[in-house]
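Hi,

Here is the structure I promised to pass on. Have a look at it first, and then read my notes below.

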Amino acid sequence: CYYYQRRGAVDKAVFGQPSEQARSLCVGRMGQEILDADPPLRFLWIHNQNPVNTMPDSARVAEAMEKVDFTVMVDCHENDSTVHADLILPTTTFLEEEDIAGAYGHHWMGRISAVVPRPEGVKTDLEIIQGLAERMGRAELMAGSAEQWCERLLRSELCEGGFDRESLGQGALRRPDAPQVLFDDGRVPTASGKVELLTEADYAEAPEPPADYPLWFFTNSHRKSQASQWAGP
(Lines give C-alpha, C1' and ligand atoms only; values in the text may rest on other atoms or scores of the structure.)
Protein backbone atom coordinates (compact mmCIF):
# COMPACT_ATOMS: atom_id res chain seq x y z
CA CYS A 1 0.00 0.00 0.00
CA TYR A 2 0.90 3.71 -0.16
CA TYR A 3 3.49 3.30 -2.95
CA TYR A 4 3.71 0.38 -5.33
CA GLN A 5 7.51 0.33 -5.69
CA ARG A 6 8.45 0.65 -2.04
CA ARG A 7 9.65 -2.97 -2.02
CA GLY A 8 11.69 -2.55 -5.19
CA ALA A 9 14.93 -3.53 -3.43
CA VAL A 10 13.43 -6.77 -2.12
CA ASP A 11 13.88 -10.06 -3.98
CA LYS A 12 10.30 -11.35 -4.08
CA ALA A 13 11.45 -14.64 -5.64
CA VAL A 14 12.62 -15.69 -2.17
CA PHE A 15 8.99 -16.35 -1.25
CA GLY A 16 8.19 -18.47 -4.32
CA GLN A 17 4.87 -18.53 -6.16
CA PRO A 18 1.51 -18.68 -4.37
CA SER A 19 -0.42 -21.92 -4.46
CA GLU A 20 -2.98 -22.42 -7.23
CA GLN A 21 -5.56 -22.83 -4.46
CA ALA A 22 -4.74 -19.42 -2.98
CA ARG A 23 -7.55 -16.85 -2.90
CA SER A 24 -7.33 -13.08 -2.92
CA LEU A 25 -9.78 -10.75 -1.20
CA CYS A 26 -10.35 -7.05 -1.77
CA VAL A 27 -8.84 -5.22 1.21
CA GLY A 28 -11.18 -2.25 0.82
CA ARG A 29 -14.15 -4.61 1.25
CA MET A 30 -12.43 -6.86 3.78
CA GLY A 31 -15.40 -7.40 6.09
CA GLN A 32 -17.95 -8.21 3.40
CA GLU A 33 -15.45 -10.28 1.39
CA ILE A 34 -14.78 -12.51 4.41
CA LEU A 35 -18.48 -12.87 5.15
CA ASP A 36 -19.24 -13.76 1.51
CA ALA A 37 -16.26 -16.11 0.99
CA ASP A 38 -17.21 -19.43 -0.59
CA PRO A 39 -15.97 -21.81 0.69
CA PRO A 40 -16.04 -19.94 3.99
CA LEU A 41 -12.84 -18.73 5.61
CA ARG A 42 -12.20 -20.71 8.78
CA PHE A 43 -8.89 -19.20 9.87
CA LEU A 44 -7.73 -15.59 9.86
CA TRP A 45 -4.16 -14.44 10.53
CA ILE A 46 -3.71 -10.68 10.99
CA HIS A 47 -0.11 -9.50 11.30
CA ASN A 48 0.66 -6.00 12.58
CA GLN A 49 -2.56 -4.54 11.28
CA ASN A 50 -5.64 -2.96 12.86
CA PRO A 51 -8.34 -3.58 10.24
CA VAL A 52 -11.30 -2.68 12.45
CA ASN A 53 -9.85 0.82 12.69
CA THR A 54 -8.23 1.24 9.28
CA MET A 55 -10.55 -0.62 6.87
CA PRO A 56 -13.88 0.76 5.58
CA ASP A 57 -17.08 -0.42 7.30
CA SER A 58 -15.43 -1.21 10.62
CA ALA A 59 -18.55 -2.86 12.07
CA ARG A 60 -18.60 -5.33 9.17
CA VAL A 61 -14.89 -6.07 9.64
CA ALA A 62 -15.47 -6.77 13.34
CA GLU A 63 -18.43 -9.01 12.46
CA ALA A 64 -16.28 -10.94 9.99
CA MET A 65 -13.50 -11.45 12.53
CA GLU A 66 -16.02 -12.83 14.99
CA LYS A 67 -17.57 -15.15 12.39
CA VAL A 68 -14.30 -16.86 11.41
CA ASP A 69 -13.70 -20.02 13.44
CA PHE A 70 -10.28 -18.93 14.69
CA THR A 71 -8.66 -15.49 14.39
CA VAL A 72 -5.04 -14.84 15.34
CA MET A 73 -3.59 -11.36 15.73
CA VAL A 74 0.12 -10.59 15.91
CA ASP A 75 0.80 -7.11 17.26
CA CYS A 76 2.86 -5.18 19.79
CA HIS A 77 -0.10 -3.57 21.55
CA GLU A 78 -3.84 -3.91 22.00
CA ASN A 79 -6.10 -2.11 19.54
CA ASP A 80 -9.63 -2.08 18.16
CA SER A 81 -9.10 -5.41 16.40
CA THR A 82 -7.46 -7.48 19.14
CA VAL A 83 -10.72 -7.60 21.10
CA HIS A 84 -12.19 -9.69 18.26
CA ALA A 85 -9.29 -12.17 18.10
CA ASP A 86 -9.27 -15.65 19.61
CA LEU A 87 -5.50 -15.55 20.11
CA ILE A 88 -3.12 -12.59 20.41
CA LEU A 89 0.60 -13.15 19.88
CA PRO A 90 2.71 -10.26 21.22
CA THR A 91 5.63 -9.23 19.02
CA THR A 92 8.54 -6.83 19.18
CA THR A 93 8.67 -3.21 18.04
CA PHE A 94 11.27 -1.64 15.73
CA LEU A 95 13.27 -0.72 18.82
CA GLU A 96 13.69 -4.35 19.84
CA GLU A 97 14.64 -6.21 16.66
CA GLU A 98 17.00 -6.46 13.69
CA ASP A 99 15.51 -5.67 10.30
CA ILE A 100 15.71 -3.59 7.14
CA ALA A 101 12.95 -1.17 6.17
CA GLY A 102 11.97 0.70 3.06
CA ALA A 103 10.01 3.93 2.94
CA TYR A 104 6.40 4.48 1.87
CA GLY A 105 6.93 7.49 -0.35
CA HIS A 106 10.50 7.39 -1.64
CA HIS A 107 13.35 5.05 -2.62
CA TRP A 108 15.46 5.13 0.53
CA MET A 109 16.03 2.10 2.73
CA GLY A 110 17.67 1.78 6.14
CA ARG A 111 18.75 -0.84 8.61
CA ILE A 112 16.96 -1.33 11.93
CA SER A 113 18.98 -2.38 14.97
CA ALA A 114 17.71 -3.26 18.42
CA VAL A 115 18.41 -0.48 20.90
CA VAL A 116 16.48 -1.82 23.91
CA PRO A 117 15.96 -5.39 25.17
CA ARG A 118 12.68 -7.03 24.26
CA PRO A 119 10.15 -7.89 27.00
CA GLU A 120 10.60 -11.37 28.43
CA GLY A 121 8.84 -14.03 26.37
CA VAL A 122 8.07 -11.75 23.41
CA LYS A 123 9.17 -13.04 19.99
CA THR A 124 10.02 -11.12 16.84
CA ASP A 125 7.81 -11.34 13.74
CA LEU A 126 10.37 -13.67 12.16
CA GLU A 127 10.47 -15.98 15.17
CA ILE A 128 6.68 -16.20 15.22
CA ILE A 129 6.53 -17.12 11.53
CA GLN A 130 9.37 -19.62 12.02
CA GLY A 131 7.46 -21.24 14.88
CA LEU A 132 4.36 -21.50 12.69
CA ALA A 133 6.39 -22.97 9.82
CA GLU A 134 7.90 -25.58 12.15
CA ARG A 135 4.48 -26.69 13.37
CA MET A 136 3.36 -27.05 9.75
CA GLY A 137 6.35 -29.23 8.90
CA ARG A 138 8.01 -26.52 6.77
CA ALA A 139 10.69 -25.29 9.17
CA GLU A 140 13.39 -25.37 6.48
CA LEU A 141 11.59 -22.71 4.43
CA MET A 142 11.93 -20.08 7.14
CA ALA A 143 15.19 -21.18 8.78
CA GLY A 144 17.82 -18.51 9.44
CA SER A 145 18.60 -15.54 11.65
CA ALA A 146 17.21 -12.04 11.15
CA GLU A 147 20.59 -10.96 9.76
CA GLN A 148 20.59 -13.83 7.25
CA TRP A 149 17.06 -13.00 6.13
CA CYS A 150 17.98 -9.36 5.62
CA GLU A 151 20.74 -10.49 3.28
CA ARG A 152 18.47 -12.93 1.43
CA LEU A 153 15.77 -10.35 0.87
CA LEU A 154 18.00 -7.74 -0.74
CA ARG A 155 18.31 -8.23 -4.49
CA SER A 156 21.67 -9.75 -5.32
CA GLU A 157 22.43 -7.33 -8.17
CA LEU A 158 21.99 -4.40 -5.80
CA CYS A 159 24.19 -6.02 -3.15
CA GLU A 160 26.97 -6.40 -5.71
CA GLY A 161 26.88 -2.64 -6.15
CA GLY A 162 27.18 -1.94 -2.44
CA PHE A 163 23.49 -1.77 -1.53
CA ASP A 164 23.79 -4.39 1.21
CA ARG A 165 23.00 -4.86 4.90
CA GLU A 166 26.46 -3.79 6.00
CA SER A 167 26.29 -0.55 4.03
CA LEU A 168 22.76 0.13 5.26
CA GLY A 169 24.16 -0.09 8.79
CA GLN A 170 26.22 3.02 8.07
CA GLY A 171 23.16 5.05 7.09
CA ALA A 172 20.09 5.03 4.84
CA LEU A 173 20.75 4.47 1.13
CA ARG A 174 18.76 5.34 -1.98
CA ARG A 175 18.01 2.44 -4.27
CA PRO A 176 20.50 2.93 -7.14
CA ASP A 177 18.25 1.60 -9.90
CA ALA A 178 15.25 3.76 -8.96
CA PRO A 179 14.32 6.50 -11.44
CA GLN A 180 14.87 10.10 -10.46
CA VAL A 181 11.43 11.03 -11.82
CA LEU A 182 8.53 8.64 -11.48
CA PHE A 183 6.81 7.82 -14.79
CA ASP A 184 9.13 10.21 -16.63
CA ASP A 185 7.83 8.90 -19.97
CA GLY A 186 4.29 9.90 -19.06
CA ARG A 187 3.04 6.31 -18.81
CA VAL A 188 2.07 4.11 -15.87
CA PRO A 189 2.09 0.27 -15.89
CA THR A 190 -1.54 -0.24 -16.95
CA ALA A 191 -2.92 -1.53 -20.25
CA SER A 192 -3.76 2.00 -21.36
CA GLY A 193 -0.64 3.61 -19.93
CA LYS A 194 -2.92 5.98 -18.03
CA VAL A 195 -3.96 6.07 -14.39
CA GLU A 196 -7.08 3.90 -14.10
CA LEU A 197 -8.97 4.83 -10.96
CA LEU A 198 -11.72 2.27 -11.59
CA THR A 199 -12.09 -0.81 -13.77
CA GLU A 200 -15.19 -2.92 -13.27
CA ALA A 201 -17.01 -2.38 -9.99
CA ASP A 202 -20.39 -3.42 -8.66
CA TYR A 203 -22.05 -0.91 -6.41
CA ALA A 204 -25.34 -2.79 -6.18
CA GLU A 205 -24.58 -3.83 -2.59
CA ALA A 206 -23.46 -0.39 -1.43
CA PRO A 207 -25.14 0.22 1.94
CA GLU A 208 -27.66 3.01 2.31
CA PRO A 209 -27.24 5.33 5.30
CA PRO A 210 -30.08 5.01 7.82
CA ALA A 211 -32.68 7.76 7.73
CA ASP A 212 -32.03 8.81 11.34
CA TYR A 213 -28.24 9.08 10.72
CA PRO A 214 -27.88 10.22 7.09
CA LEU A 215 -24.20 11.14 7.43
CA TRP A 216 -21.05 9.11 6.81
CA PHE A 217 -18.06 9.35 9.15
CA PHE A 218 -14.63 9.23 7.49
CA THR A 219 -11.37 8.86 9.43
CA ASN A 220 -9.30 10.53 6.75
CA SER A 221 -5.62 11.35 6.94
CA HIS A 222 -4.49 14.65 8.34
CA ARG A 223 -1.16 16.16 9.31
CA LYS A 224 -0.95 14.36 12.67
CA SER A 225 -2.20 10.89 11.91
CA GLN A 226 -3.45 8.40 9.38
CA ALA A 227 -6.30 6.36 10.85
CA SER A 228 -4.71 4.77 13.93
CA GLN A 229 -1.14 5.42 12.80
CA TRP A 230 1.29 8.22 13.58
CA ALA A 231 -0.98 9.84 16.15
CA GLY A 232 0.78 12.80 17.75
CA PRO A 233 0.03 15.53 20.26
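Before anything else, one definition: a residue is buried under 20% relative accessible area, exposed over 50%, and partly exposed in between, using a 1.4 Å probe and protein chains only. For example, E147 counts as partly exposed at 29% relative accessibility. Keep in mind that this is a predicted model, where local features need pLDDT of at least 70 and side-chain atom pairs count only at pLDDT 80 or more, while totals for chains, interfaces and linings use all residues. Residues are numbered from 1 along each chain as its sequence is written, and side-chain values use heavy atoms, with hydrogens and water left out.

Now the overall picture. The chain has eight helices and six strands; helices (H or I, at least four residues) and strands (E, at least two) are DSSP runs, numbered from the N terminus. Starting at the N terminus, the order is α-β-α-α-β-β-β-β-α-α-α-α-α-β. Of the 233 residues, 28% count as buried. The accessible surface (Shrake-Rupley method, 1.4 Å probe; for residues, only the protein chains shown count as cover) is about 16400 Å², and 55% of that belongs to carbon and sulfur atoms. Contact means heavy atoms within 4.5 Å. Among contacts with a separation of 6 or more, 51% are between residues 24 or more positions apart.

Next, some backbone details. D38 and P39 are joined by a cis peptide bond, with omega about 0°, and P39 sits in the loop between α1 (30-36) and β1 (43-47). Further along, N48 has a phi near 55°, which is a positive value in a residue other than glycine. You'll find N48 in the loop between β1 and α2 (51-54), partly exposed with a relative accessible area of 32%. D57 also has a positive phi, near 60°, and is not a glycine. D57 belongs to the loop between α2 and α3 (58-67) and is partly exposed at 41% relative accessibility.

F70 lies in strand β2 (residues 70-75) and is partly exposed, at a relative accessible area of 37%.

Finally, how many salt bridges does the structure hold? There are eleven, where a salt bridge is a side-chain nitrogen of Lys or Arg within 4 Å of a carboxyl oxygen of Asp or Glu.

- E140 and R138 meet at 3.7 Å, N to O. E140 is exposed, with a relative accessible area of 53%, whereas R138 is partly exposed at 43%.
- R165 and E147 meet at 4.0 Å, N to O. This pair links distant parts of the chain, with R165 in helix α8 (residues 165-168) and E147 in helix α6 (residues 146-153), 18 residues apart. R165 is buried, at 14% relative accessible area.
- D177 and R155 have their closest N and O atoms 2.9 Å apart. They too link distant parts of the chain: D177 is in the segment after β6 (173-174) and R155 in the loop between α6 and α7 (156-160), 22 residues apart. R155 is buried at 16%, while D177 is partly exposed at 37%.

That last pair belongs to a network of salt bridges linking R155, E157, R175 and D177.

Cheers
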